[in-house]
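Good morning, and thank you for coming.

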Amino acid sequence: MISAAQSERIDWEAALVQRARNGDMRAFERLYREHIGRVYGLCLRLVREPSTAEDCAQEAFINAWRGLKSFQTRSAFGTWLHRIAVNVALARRRKPAWMSQPAASPEEQEELEEMEWSLDTPVEVSEIEAAVAELPDGARDVLVLSGIYGYSHSETAEMLGVAEGTCKAQLHRARALLRRKLNPESTP
Amino acid sequence: MSDLGSRNGSPFNGAPSSAGASKVTSLRDLPPAIEPPRDLWPQIEQRLGPAVKPRAPWVPVLRARYLATAAALVAAVAVGVLIGRGLLPARPGGDLASTTSNTQMLPAAFVRDPRYLRERAQLLQSLNARLAALPPDSRQKVLASLATIHQSMREIQAALGREPGNALLQEMLVDTYQDEMRVLTTVQEASSPSGEI
């Protein structure tokens with residue numbers, strides 16, 4: 001549910017997007033200021049290297065500016081921007097082999113229904129970030145988008161250009177790997 | 001191992017912790033936003049620069065009816081009377097929109113400019129007489145446009161009352177005052193007995 005404050009923010013964002021679409025660079029700069037943290041955070045988590053993440057974030061905003069005319073204002077600007085950022089980040093890597101991996105098994109599907117996945121004991125932010133960064137590309141991509149940024153399986157799959165089943169399989173794998181890294185004694 | 005593997009010097013060290021906690025149990029507790037180590041905007045702007053021709057800011061997108069009415073006014077003015085002239089007045093108080101730093105300028109400074117206030121008062125004073133010189137259709141459109149502009153001003157001012165420091169609101173208010181001045185000046189020129197229109 002969208003709160004009144006969120007709704008107001010979104011309305012202003014729509015006004016900024018409209019102005020940016022009309023060529024107003026200052027409006028676009030405001031959009032940049034509003035979203036750069038999340039876009040850079042997403043890029044950094046996907047590419048793991050700060051200078052590459054900076055390049056990706058820059059590229060994402062440049063592509064966004066050029067594609068503003070095609071942006072459907074009824075959808076969220078942030079989500080659209082993230083989709084562009086993911087495309088840029090993925091393009092920086094070689095074609096990922098994981099994209100053609102098999103879909104999640106029924107057991108994995110069932111486990112994934114528990115969307116609120118959590119750790120047994122609290123861990124430091126830097127520790128969990130480092131553990132996420134060490135995950136294999138495909139598992140990390142899915143975990144970052146669905147686990148940290150809260151996108152649904154279908155949204156994540158669409159952003160990454162993979163089947164939803166593949167996405168679920170990767171998420172299952174990511175969670176298992178992460179748990180093993182963070183709670184090694186709990187692993188059989 | 002990636003750059004993110006090390007605890008010290010990790011690019012994630014600058015990330016804000018959620019609710020002030022440094023320990024988390026869920027990925028959802030991780031801050032989605034991480035500020036880049038430097039401002040990326042100057043480079044983005046530079047790369048976009050040659051391809052962009054920024055327009056002067058026009059009407060804030062507050063109300064669709066505002067745009068529709070204003071567009072109708074523009075059409076009426078263009079078709080009816082004002083052809084071939086540079087009708088828009090010089091922006092009172094200079095071009096506030098030209099630099100980002102100017103967004104910090106309070107609209108109050110603009111609307112208190114004595115020259116602007118004097119011009120506006122004169123134009124408003126003579127508005128009724130000048131409207132009478134316009135064709136009925138144009139007159140109705142002008143009145144509707146001014147009503148919508150004044151409604152926008154009230155809404156923006158109310159919003160500014162809640163968020164006095166909002167630079168976008170300040171800028172939109174200035175834009176709206178400029179739009180009002182533009183309409184008033186257009187009416188003045190359109191109704192000029194000299195037939196210069």
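Two residues are in contact if their C-beta atoms, placed from the backbone, lie within 7 Å. This is a predicted model, in which local features need pLDDT of at least 70 and side-chain atom pairs count only at pLDDT 80 or more, while totals for chains, interfaces and linings use all residues. Residues are numbered from 1 along each chain as its sequence is written, and chains are lettered from A and ligands numbered from 1 in the order in which they are written.

In chain A, helix α6 (residues 125–133) packs with helix α9 (residues 164–182) at an angle of about 130°, their axes lying 10 Å apart. Helices here are DSSP runs (H or I, at least four residues), numbered from the N terminus. Axes are lines fitted to C-alpha atoms over the stretch in contact, and angles run from 0 to 180 degrees between N-to-C directions.

Which residues meet? From α6(A) come A:Ile128, A:Ala131 and A:Val132, and from α9(A) come A:Leu178, A:Lys181 and A:Leu182. This contact comprises 5 nonpolar residues, no polar and 1 charged, with Ala, Val, Leu, Ile, Met, Phe, Trp, Tyr, Cys and Pro as nonpolar, Asp, Glu, Lys and Arg as charged, and the others, Gly among them, as polar.

Now to pLDDT, the predictor's confidence in each residue, from 0 to 100. Chain A averages 84, and chain B averages 64. Over residues 51–106 of chain B, pLDDT stays under 50. Where pLDDT is low, the predicted coordinates should not be read in detail. For the complex, the predictor gives an ipTM of 0.79 and a pTM of 0.56.

Key. Helices (H or I, at least four residues) and strands (E, at least two) are DSSP runs, numbered from the N terminus.
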